[in-house]
Amino acid sequence: MADNQSIRELVIYTDGACSPNPGPGGWGAVIIKDDSIISELSGWAQSSTNNRMELTGAVEALKALKKRSRIKLYTDSIYLKNGITDWVNKWQINNWRTADRKEVKNADLWRQLLIQVDRHEVQWH
């Protein structure tokens with residue numbers, strides 16, 4: 001496929017944190033192409049949670065990319081990695097409810113992340 005050969009390959013590192021949790025929080029992302037940093041992104045929220053900040057870092061990094069890309073995205077968040085690679089499919093089937101029928105926390109950000117992931121080829125690490 002000639003189209004896939006022209007896709008650029010990127011590495012993204014994301015992180016998020018709050019102190020205390022919940023409380024003021026921040027997120028960051030670094031986008032790398034060919035071993036060179038091409039973008040550094042960050043933001044904050046006056047009141048948030050660690051999980052919201054982790055999700056926001058990934059959403060904002062992917063949103064910043066204007067062209068379809070093949071991405072290796074690295075996160076230290078098990079919540080983010082398991083959520084996007086496993087849980088989110090079940091949540092969608094269950095109308096954004098968990099296995100115990102509770103509303104999925106941070107569903108607004110999960111929905112945004114799905115939109116961004118659909119624009120790219122993302123491998124989660």
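Which residue takes a positive phi in the hairpin of strand 2 and strand 3? It is aspartate 34, with a phi near 55 degrees, in a hairpin that has two residues between the strands. Please keep in mind as you read that this is a predicted model. Below is a friendly tour of its strands, its salt bridges and the packing of its helices.

**Strands and hairpins**

- Strand 1 (residues 8–18) pairs with strand 2 (residues 23–33) in the antiparallel sense, and eight bridges hold the pairing.
- The hairpin from strand 1 to strand 2 runs through four residues.
- To find your place in this pairing, look for valine 11, which stands opposite isoleucine 32 of strand 2.
- Strand 2 also runs antiparallel to strand 3 (residues 36–48), and 10 bridges join these two.
- Here a handy landmark is isoleucine 31, which has serine 39 of strand 3 opposite.

**Salt bridges**

- Seven salt bridges are found in the structure.
- One of them brings together the side chains of glutamate 9 and arginine 70, at 2.9 Å from N to O.
- This pair connects distant parts of the chain, since glutamate 9 sits in strand 1 and arginine 70 in strand 4 (residues 69–74), 61 residues apart.
- As background, side chains of opposite charge can pair when their charged atoms come close.

**Helix 2 against helix 4**

- Helix 2 (residues 50–63) packs on helix 4 (residues 107–118) at an angle of about 25 degrees, and the axes are 9 Å apart.
- Angles under 35 degrees count as roughly parallel, so that is how helix 2 and helix 4 are described.
- The crossing of helix 2 past helix 4 is left-handed.
- Helix 2 contributes Arg52, Leu55, Thr56, Ala58, Val59, Leu62 and Lys63 to the contact, while helix 4 brings Asp108, Leu109, Trp110, Gln112, Leu113, Gln116 and Val117.

**Helix 3 against helix 4**

- Helix 3 (residues 78–93) meets helix 4 at an angle of about 95 degrees, with 11 Å between their axes.
- Because of that angle, helix 3 is roughly perpendicular to helix 4.
- On the helix 3 side the contact is made by Tyr79, Leu80, Gly83, Ile84, Val88, Trp91 and Gln92, and on the helix 4 side by Trp110, Leu113, Leu114 and Val117.
- Nine nonpolar and two polar residues make up this contact of helix 3 with helix 4, with no charged ones.

Terms used: Residues numbered from 1 in each chain as written. Predicted model: local features only at pLDDT ≥ 70, side-chain atom pairs only at ≥ 80, totals over all residues. Heavy atoms only, no water. Axes fitted to C-alpha atoms, helices over the stretch in contact; angles between N-to-C directions. Parallel < 35°, antiparallel > 145°, perpendicular 65-115°, else oblique. Left-handed = near helix turned anticlockwise from the far one by under 90°. Contact = heavy atoms within 4.5 Å. Pairing = 2+ DSSP bridges. Salt bridge = Lys/Arg side-chain N within 4 Å of Asp/Glu carboxyl O. Nonpolar A, V, L, I, M, F, W, Y, C, P; charged D, E, K, R; others polar.
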